[in-house]
Structures are given as structure tokens and as C-alpha cells.
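Here is a briefing on one protein model.

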Amino acid sequence: MPSVKVKIYSVLSKFYLKRRLQTLLESSISDLNSYGVVSRPDETVAPAVPSFSDTDGVATKNLHIDPLTSLSLRIFLPDSAIVSPNSLPKLRVRVSSKSRVGVSNESENGVYGGYLPDKNRKNCKKLPVIVQFHGGGWVSGGIDTVANDKFCRRMAKLCDAVVVSVGYRLAPESKYPAAFEDGLKVLKWLAEQANLAECNQSFENGKFSGFHGEGGGRRRQIVDGFGSLIVEPWLAAHGDPSRCVLLGVSCGANIANYVAQKAAEAGKLLDPVKVVAQVLMYPFFTGNIPTKSEIKLANSYLYDKAMSMLAWKLFLPEEGFNLDHPAANPLSTWGLVPLKYMPPTLTVVAEHDLMRDRAIAYSQELRKVNVDAPLLDYKDAVHEFATLDLLLGTPEAQACSEDIAIWMKKYISLRGHEFSY
């Protein structure tokens, strides 16, 4: 059984979250906000620190990538991306009056104080890219919450990868399909970034004609200036989009699974981005016909059946409300991509999670069509046991992260499959 601490936390968390869901449901948002929100003001956040931390060696930065919506990202870059870490300049670290550690945006001479890759990239190593979607029942969570920041830092370090955490639009301000569209938009943005970075690098190396002779220097300045404004330097120097993994937590797993389908459908249209695998951590699946776990664990820890229903009412369209909607039930037959085209899929489930049976069933269906789809089932665990701030320090959470990293390296390692089970 879960510990006493988990039980107490579950009671308090359910009380607070149920009030939030009911308040949002009763608030009657008449005019849906297409710009949307990506976080709630009452959630504790961790600031972005654009230099490598002395604690875990991970640097972070936030980006707003869509001028028409609130879609944003937090990038987590481990120091393993640097060939010679000792060659990095010392960056000034400040502590605010609120005792929150951060890095000044200005160094002693008044310029940006975070990490910047070498222009010639001789000190840069390419790492796989993990696109991560946080949980929160569609209505809460964010890229900058303390729990999400800690978890993404851990995965960046364990997997030796660049983690891109997606701040998708939340419900009810932005209902379905906003969060799903945001997930796909990030994948397209990564493809654009990779292509722009390649073009910019080619210009810098003089591989394109038109830069020599009279006026060539001015034209090159224009191109270089344009590239430096639109190319994200960390991804350009360190991201390898041909080794892209989607990682979703709870409702984020639903988004990851949708994006994986769309990536399979798009094929080479997303080049050079290639989704090589996905990880679904206790996905927020449901359906009209209840499973055994949904009946037996209707009053389970942290998330029960009533709260789940409230969350879906806030997210799905009100007209023709249906729990067999493809966003909620991956096994519904609403014209989805055939399962045999899905990437290798690792599914994580918990013993005391009412959603476990449907996630297990989806994993079984993938294996039936010869997709590599192992299942990790954790005893005495609850929903979000490996990603909640309260539980991140437990042996179970650490073991889960390590198990995910071991499996993931089977597909993102340049040395082949020596990491497979």
C-alpha cells in the first residue's frame, strides 16, 4: 500500500484539485481564448537558469515560439553537450531577495550571462532531443513548475539528451484540439529550426555563392544577422532531431501519442525530425465503457473517477460529449493511423491508478502488430508517482526514470542496441 505521507497528500490534493475543477467548470467562459494560458498563477515555479547548474549540470531557458498563441517551451541542456566543460567561461550567479537562485541576464560587461555555444561549434556535441509534455489534467501544470523542472532535469541528465518541455495551452480557456495542435506545432518548429540552422551554418562556412566580390560582405552580414535572430543557438549546436523521442506524463501522454500518430502520417515531410520512440507515463486514457480498474479504483489516490470526468468536461467539446473521443480513447476507431505505423512505445502504469487497464490494453494492441511496446508496471504506486514534487525523491521515482532511460537509449544511442533488455 502507498505510504501514509502519500495518503495524506492525496486527500489534500484531491480536495484542492476538485475545487479548482469545479470552479473552472462553473466559471462559464463564454468567449474561449485562442491565445490561451500555459500555467496557473497559484502554482510554485522554478526560474529558468541559462547556465549549467553546480547541482546537476543542467542549464535551462524559456522560449515563446508562437506570436498568435501562448505556446512556449523550456529547454533543458545537460553539460554533457560540451566536449570540454572546463573551457566554458565563468558565469555570474545571483540570488534574489526571495532566495531563488538564478543567473543574471547580464555579465560584468553588460552582455548575456547564460551559456552560448562556440560559433564554430568545435566544443559542441550533438545530443538526441526529448520532447516532453507535462501532466495536470488539461487544466494545470506547466513547463516551469518545480516538479516538472526537476523531472526534466533528471531525464536530461539520465538520457544524455536535450529535453524540450512544451507549454501547451490549458483548458478551459483553450479546449480540444488546442493542446494537440500545440504539440504538433512544436515538432514542426523543431524541423524548421534544424533546417534553418543547417542553412545558416552553410552560409557561415561559405558554401553558398554570392558572398564574394563587391557587395558580398554586406549580403553575408544580412544573412548572418537574419540567421542569428531566428535560429535557437542551443538546439542548433546540440540538438539532433533525427533522434527524437516523445515523452508524455498523464494527459501529456495523450498529446504525445497524438503527435506520434501525426509524425507517422507526415513521414518525410517532417525531415530532419524523426520520432524514433515514445514514452507514455500513466496516460490519461478513458472511454465510455468502464474497465475493471476504473470500477475497482473509482476512488483511487490523487485522481479519482469524478475528478477525471470533470477534467474531460473542461477539455473536450461540449457538443456531442463522448469519452470515446480519439483524444480520450486511443483504441476508438475514428480514422486513426494504423497502430502498426506507431513508433516503439514504452508504457508506464501504477498499481493504484484507475487508468491503468486502458493503458495496458493499448500497449497490448501495439504488441499485436509487432510494435516494440514494453510495459512497466510499478507495485504500490499511484498516478504520477514518478513526477510529483512530493515523490520525486523516492526510490520508486528514481528507478522509474532510470528504467525509462535504459529503454530509451536503445533507440537514441549512436552505438546501437547494446542498451536493450
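The protein's secondary structure comprises ten helices and ten strands; helices (H or I, at least four residues) and strands (E, at least two) are DSSP runs, numbered from the N terminus. This is a predicted model: local features need pLDDT of at least 70, side-chain atom pairs count only at pLDDT 80 or more, and totals for chains, interfaces and linings use all residues. Residues are numbered from 1 along each chain as its sequence is written, and side-chain values use heavy atoms, with hydrogens and water left out.

**Overall**
- Of the 421 residues, 54% are buried (under 20% relative accessible area, 1.4 Å probe, protein chains only).
- Among contacts (heavy atoms within 4.5 Å) with a separation of 6 or more, 76% join residues 24 or more positions apart.

**Cores**
- The largest nonpolar core has 70 residues; such a core is a set of buried Ala, Val, Leu, Ile, Met, Phe, Trp, Tyr and Cys residues joined through side-chain atoms within 4.5 Å.
- Val131, Phe133, Trp138, Leu187, Leu246 and Phe315 have the most contacts inside it.
- A second, separate core of 41 residues includes Leu247, Val348, Ala350 and Ile404.
- Beyond its neighbours within four places in sequence, Phe133 touches residues including Val166, Tyr168, Leu246, Leu247 and Val259.

**Helix pair H1 and H8**
- The axes (lines fitted to C-alpha atoms over the stretch in contact, with angles from 0 to 180 degrees between N-to-C directions) of H1 (residues 4–26) and H8 (residues 305–315) come within 10 Å and cross at roughly 30°.
- That makes H1 roughly parallel to H8 (under 35 degrees).
- H1 residues including Leu17, Leu21 and Leu25 meet H8 residues including Met307, Leu310 and Leu314.

How values were computed. Buried < 20%, exposed > 50% of the residue type's maximum accessible area, 1.4 Å probe, protein only. Parallel < 35°, antiparallel > 145°, perpendicular 65-115°, else oblique.
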